[in-house]
Amino acid sequence: MDTLRRRPHQRLSRAVVKTVGYRLFMLVITVAVAFFVVGNVVEALSIGFVANVLKTGTYFAYERVWDRIEWGI
């Protein structure tokens, strides 16, 4: 359990920028796929926005946890 208590490898600001950049990239992909499925721009944007807002927080938390795990480094 000690491996979860050490300091992260990267700064918080870097993790935030990585998270936002990744989620913007995923937003474009999600909207494109949703548009292909539903055929409506407004619905596709709604699906993309909601999905990515929820996933942003979970991705950020996931990255912060993994940044504290020394396994494989």
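Visitor: Before I go on, what kind of model is it, and how are residues numbered?
Guide: It is a predicted model, where local features need pLDDT of at least 70 and side-chain atom pairs need 80 or more, while totals for chains, interfaces and linings use all residues. Residues are numbered from 1 along each chain as its sequence is written, and side-chain values use heavy atoms, with hydrogens and water left out.

Visitor: OK. Which helix is Val53 in?
Guide: Val53 sits in helix α2. Helices are DSSP runs of H or I with at least four residues, strands are runs of E with at least two, and both are numbered from the N terminus.

Visitor: Step back a bit. How many helices and strands are there?
Guide: The chain has two helices and zero strands. Helix α1 covers residues 12-38, and helix α2 covers residues 41-67.

Visitor: What are their lengths against the expected span?
Guide: The expected span is 1.5 Å times one less than the number of residues. For α1, with 27 residues, the first and last C-alpha atoms are 37 Å apart, close to the 39 Å expected.

Visitor: What comes between them?
Guide: Gly39 follows α1, and its phi is positive, near 70 degrees. At the start of α2, a side-chain oxygen of Asn40 comes to within 2.9 Å of the backbone nitrogen of Val42.

Visitor: Which residues of α1 are buried, and what covers them?
Guide: Ala15, Thr19, Arg23, Met26, Thr30, Val31 and Ala34 are buried in α1. Their cover includes α2, judged by contact, meaning heavy atoms within 4.5 Å.

Visitor: Now the other helix.
Guide: In α2 the buried residues are Ala44, Gly48, Ala51, Asn52, Tyr59, Arg64 and Asp67. What covers them includes α1. For the chain of 73 residues, 22% are buried.

Visitor: What does Asn52 touch?
Guide: Leaving out residues up to four places away in sequence, Asn52 touches Arg23, Met26, Leu27 and Thr30. Its side chain also makes a polar contact with the side chain of Arg23 at 2.4 Å. A polar contact is a pair of N or O atoms within 3.5 Å; within protein, one must be able to donate a hydrogen and the other to accept it, and residues adjacent in sequence count only if both atoms are side-chain atoms.

Visitor: Is Lys18 buried, exposed or partly exposed?
Guide: Lys18 counts as partly exposed, at 33% relative accessibility.

Visitor: Which residues make the nonpolar surface patch?
Guide: Phe25, Ile29, Val33, Phe36, Val37, Val38 and Ile47 make a patch of about 700 Å². Patch residues have over 30% relative accessible area and no salt bridge; like charges are joined within 9 Å, and nonpolar side chains (Val, Leu, Ile, Met, Phe, Trp, Tyr) within 5 Å. Areas come from the Shrake-Rupley method with a 1.4 Å probe, and for residues only the protein chains shown count as cover.

Visitor: Which helix supplies most of the patch?
Guide: Helix α1 gives the largest share, six residues. Ile47 is in α2, and Ile47 is partly exposed at 38%.

Visitor: Last one: what about the surface as a whole?
Guide: The chain exposes about 5700 Å², and carbon and sulfur atoms supply 70% of it.

Note on methods
Salt bridge = Lys/Arg side-chain N within 4 Å of Asp/Glu carboxyl O. Buried < 20%, exposed > 50% of the residue type's maximum accessible area, 1.4 Å probe, protein only.
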